[in-house]
Amino acid sequence: MSISTFNGLNIASLALAAQQRALDVTSHNIANANTEGYTRQRADLAAAEPLANVGIWGMILPGQLGQGVTVDGYRRIRDVFNDSQLRQEWGRKEAQDVAYRDLSGVQQALPEPGDSGLQSLMTKFWNAWQDVSNNPENVAARQSLVQSAATLTGAMNAAWSQMDALRQNDDSELDSTVTQVNDITAELASLNQKISDLVLAGAQVDPTTLAVIKPGQVPNDLLDRRDVLLDKLSKLGDLTSVTYDDRMRATVTFAGATVVTASAGQTAITRGDLDTAYTTGALTRGSGFALEQGYNVTLNESDPTSYPAQLNALAQALHDRVNAQHAAGFDLNGAVGGEFFTFAPAAGPPGAAKRIGVSQALLDDPRLVAASDAAGAPGSNVNALAMIGLKDATTVGGTTFAQFYTSTITRIGADASAARSGSDASDLVASGLESRRASVSGVSLDEEMTNMLKFQHAYSAAARVLSAMDDNLNRLINSTGRVGL
């Protein structure tokens, strides 16, 4: 089989074009070396389809004749398994970070140890009763007692309010999380359509199933943008699964709910969907999970294990036991002791710690403190001593006031420490996975410079081949004599 004299020109021109495309990809990588979420790309070079010797010549001539090189495609260098692991770890870290933030807020609401902490204020309260018992008829000692009680209840009110503010903040952030999820999934659905259009442009399609055999275009930069969005989504909650169809469209399942489909687009979620996912156990990671945990458990006084509930239990027991003992005594006027602590009318949740206060009658007249055990004995301190005895009595949760509060503070510290340790551990794992991603998908300027030189030399060599072929043809056409002259 004869071969065209101009075949060498075609091979050289294909080589020039292929090396130029490879140089272009290298330039694109270098330009995006510091672009967030960018995945380095590579031009896949492949041998062009060779010329075959057909017929009898195929048995005589030595095989096929190569036709140079072509660019088979532009491929992103990506480790899908590493991406999946990294997104899971990000979800765990975000959950631990939010949990630690909430627990740190609880610690600030109950500042221990310190002069303004409840432990110190309760000690001062019992010490004030001791001062009254030492001098029952001293109005100044009674005044100090009432003020110490007011300071104690004020600190309880403030602590409850701070924890309630933390819970309301979690509630607001959950609504914001739903908005963020819907914004991300809406953009993912939009990217699905753009990616599909480019894949179908010039694609090889199975005529029977209409499935894409080979994409017309591979929109790598759009795929990078989609991966960045998936990274962000994984930090909000469980990225349950991500699958792709033949048009490279993604189907995304978030916290058990399919939020993006290849054909139908986005399915927006509601706050109710997020709450249900938490209740059913489909939401286990991400800031969304920790916010649900904080709102429904850690900071929810309706949950008996929550910190507001523990504070309420302390305030309720203090109110009930002190009031009961106070009612057993008599004041300086010889009257039976009235209320010592009061509860303000509930304006919302029944939080005892929020509503506890000192009787206004005592604030106005400390002579009404019932320290005596008899109407005609103003100098008696028997009831004051009985009141002091409550300090070491089993009064709340099978423990003393101090023991109950100490156990609560200890649990807060342990939970906060566990959240911090969990965050540090997840951060360490995530950092390792991020480093692995960078080593696989990140742009190495040294490597790109090496590639640039390699493709540049290949381009120069192809140009020399083209020049040589041109010189040969010039000699053939212009320097060869004409037959018959």
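**Entry 1: the largest pocket**

Helices (H or I, at least four residues) and strands (E, at least two) are DSSP runs, numbered from the N terminus. The model is predicted: local features need pLDDT of at least 70, side-chain atom pairs count only at pLDDT 80 or more, and totals for chains, interfaces and linings use all residues. Residues are numbered from 1 along each chain as its sequence is written, and side-chain values use heavy atoms, with hydrogens and water left out.

I looked up the volume of the largest pocket, which is about 820 Å³. There are 31 lining residues, and those closest to the centre of this pocket are Arg76, Arg78, Val80, Leu223 and Arg226. On a 1 Å grid over the protein atoms alone, a pocket is an open set of points with protein on both sides within 12 Å along at least five of seven lines, a cavity is a set where a 1.4 Å probe fits but cannot get out, and lining residues have an atom within 4 Å of a point. Grid points are joined across faces, edges and corners, and a volume is the space filled by probe spheres set on the points.

Which element gives the most to this lining? I found that β2 does, with 6 residues. By class, I recorded 10 nonpolar, 10 polar and 11 charged residues in the lining. Ala, Val, Leu, Ile, Met, Phe, Trp, Tyr, Cys and Pro count as nonpolar, Asp, Glu, Lys and Arg as charged, and the others, Gly among them, as polar.

**Entry 2: the cavity**

I found 1 cavity of 30 Å³ or more; the largest cavity holds about 40 Å³ of space. Leu110, Gln310, Leu311, Leu314, Phe404, Tyr405 and Thr408 line the largest cavity. This lining has 5 nonpolar, 2 polar and no charged residues.

**Entry 3: the sheet**

I traced an open sheet of 4 strands in the order β5-β6-β7-β8, with antiparallel pairing. Two strands pair if DSSP finds at least two bridges between them. The edge strands, β5 and β8 (265-266), each pair on one side only.

I then examined β5 and β6, which pair over 5 bridges and form a hairpin with 5 residues between them. Met248, in the turn, has a positive phi of about 65°. The bridge partner of Ser241 is Thr253 in β6. Between β6 (residues 250-254) and β7 (residues 257-261) I recorded 3 bridges, and Phe254 stands opposite Ala257 in β7.
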